[in-house]
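Subject: Structure handover

Hello,

Here is the structure I promised. Please open it alongside this email.

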Amino acid sequence: MKNLKQLRQLLPLTVELKKDRVIIIDQVYLPDRLKFIQLKKYSQAISAIKEFNVRGAQAIGAVGGAGIFLASLVYKGDNSFNFLIYLKKIAKEIIKARPTANNLAWAVNRVLGEIKSNNVFDIKKDIYNSYKKLLEEETNNNLKIGAYGEKLIKNNYRILTHCNAGSLSAIWYGTATAPIYSALIKGKKLSVLIDETRPWLQGARLTAWEMSKSGIDYTVNIDSASGFLMENKMVDMVIVGADRIALNGDTANKIGTFPLALMAKRYNIPFYVAAVKATIDFETKAGKDIRIEQRSGDEVLKHTSYWENRNLIKKQSKKFDSLLNIAPKGAKAFNPVFDVTPADLITGIITEDGILKPSVLSSKLKR
Ligand code: MRU
C-alpha cells in the first residue's frame with residue numbers, strides 16, 4: 001500500500017451514504033466473507049448496532065446518525081413540531097442500543113442539532129446534509145489523527161494494538177490504525193502485533209483482516225502473550241482506540257486495555273490512545289463514572305463460530321449447541337466488555353487537534 005488512493009481500493013468504507021440508504025460492512029462474517037448490509041429503515045440501524053453487525057465507537061455513531069436520517073425519510077406528516085417530537089423519540093431509542101461508546105449519542109445529537117429549518121421538507125434536507133457532513137468530517141479527523149500519530153512512529157517499529165480500532169470500527173481509516181497507515185504512506189517500515197481480543201476476537205478477525213487487506217506485516221497473538229512480548233523487547237509502542245474518554249483522561253476501551261497499559265508502564269513502552277474528540281465525554285469527569293456494558297456470558301462460554309452462525313444453529317438443533325461449549329454446561333461467566341485505563345498510564349491521546357497529555361485534556365479541548 002503506497003498511498004491513500006490505493007488504500008481506499010483495498011479497504012472498503014465501513015459506513016457509506018448512498019442517496020436514500022446507508023451501506024455498512026457486516027462485521028459478523030469477517031474475516032471469511034465480506035458482506036454488506038443495506039440500511040433502509042431506522043430499525044435496521046438499531047438492530048445492526050445491537051446485533052454487532054457494526055461495532056467500534058465511530059462506526060456505531062455513524063450508524064446511529066444513519067438511524068435519524070433514515071427515520072426522517074419515511075416521515076409522512078407535514079407538521080414540523082410533530083416531526084421533531086418523532087425524531088427525538090427515535091433518537092432516544094437509538095442511543096439506548098449500546099451504552100459505552102460516546103460517539104453514538106454524540107452523532108445522533110449532532111445530526112439533530114444541525115436542524116435549522118422550520119418545515120418538514122427542509123428539515124429533511126438539513127438532516128441529510130448534516131449526516132453527510134458528519135461522515136466526511138469524521139473521516140477527515142481520522143486522517144488528521146494519522147498525520148499527528150505517524151510522527152511518533154520510527155522506522156521498523158513494532159506496534160501492538162488491542163481489539164479493532166481500525167477502519168472497521170470507524171467510517172474509514174480508523175483511529176488506532178490511522179498513524180499506522182499514515183506512517184506506511186510516508187514510506188516507513190513497521191509491523192503490527194494484534195491481540196486476538198477475547199471473546200469476540202475483534203483483533204484476530206477484524207484488525208488482522210484489515211492488515212491483510214492492506215498488505216501490512218502483522219502477527220496475531222493471544223491476549224495474555226503481551227507480557228511475554230514486552231519482556232522480550234518485541235514491542236516498541238502500543239496504540240489502542242477508545243470508546244469513551246472522561247475529562248480527566250481516564251479512557252474506556254475494550255476489556256484488556258487496562259492490563260496492557262499497566263504492563264507497558266512496567267516496561268517503559270509508550271502507550272497511546274487514538275480517538276476523535278467525539279469520543280470524549282464532556283459530561284463525565286472521571287473513568288469511575290463511565291457505564292461499562294455487560295454482555296451475555298455465552299460470549300465467553302461458547303466458541304466464536306457460534307456467534308457467526310448463531311441464528312442458523314438456533315434453527316437447526318440443540319445437538320450443535322453443546323458442541324460449541326468451551327466450559328462445562330452450567331458454568332457461570334462474567335463478561336464486562338470494556339475496562340477503564342487510568343489517565344496516568346496513558347502517554348498521550350492522539351486526536352484530530354493534536355497529541356494531548358491526558359492530564360490537560362479538559363483545558364486544551366473545545367467541544
Ligand atoms: O464492543 P466493540 O467491538 O464495539 O468495542 C469497541 C471497540 O471496538 C474497541 O474498544 C476499540 O478498541 C475502540 S473503538 C474505536
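Below is what turned up around the ligand and in the cavities. Bear in mind that this is a predicted model.

Cavities first. The structure holds three of 30 Å³ or more. In total, 30 residues line the largest cavity. Nearest its centre are G56, A57, N164, A242 and D243.

Now the ligand itself. It is surrounded by 16 residues. R55, R98, D243, N253 and K254 are the closest.

By class, the shell has six nonpolar, six polar and four charged residues. Which domains supply the shell? Domain 1 (4-144) and domain 2 (148-290 + 337-364) each give at least three residues.

- R98: a polar side-chain atom lies 2.8 Å from an oxygen atom of the ligand.
- N253: an N or O atom of the side chain is 2.8 Å from a ligand oxygen.
- G56: here a polar backbone atom is involved, 2.9 Å from an oxygen atom of the ligand.

How much of the ligand does the protein bury? Alone, the ligand exposes 400 Å², and the protein buries 99% of that.

Best wishes

Definitions and conventions:
Residues numbered from 1 in each chain as written. Predicted model: local features only at pLDDT ≥ 70, side-chain atom pairs only at ≥ 80, totals over all residues. Heavy atoms only, no water. Near = heavy atom within 4 Å. Polar contact = N/O pair within 3.5 Å; in protein donor to acceptor, adjacent residues only side chain to side chain. Areas by Shrake-Rupley, 256 points an atom, 1.4 Å probe, with all protein chains shown as cover. Nonpolar A, V, L, I, M, F, W, Y, C, P; charged D, E, K, R; others polar. Domains from an automatic or database assignment. 1 Å grid on protein atoms, 1.4 Å probe; cavity = no way out; pocket = protein on both sides within 12 Å on 5 of 7 lines; lining within 4 Å. Points joined across faces, edges and corners; volume = space filled by probe spheres on them.
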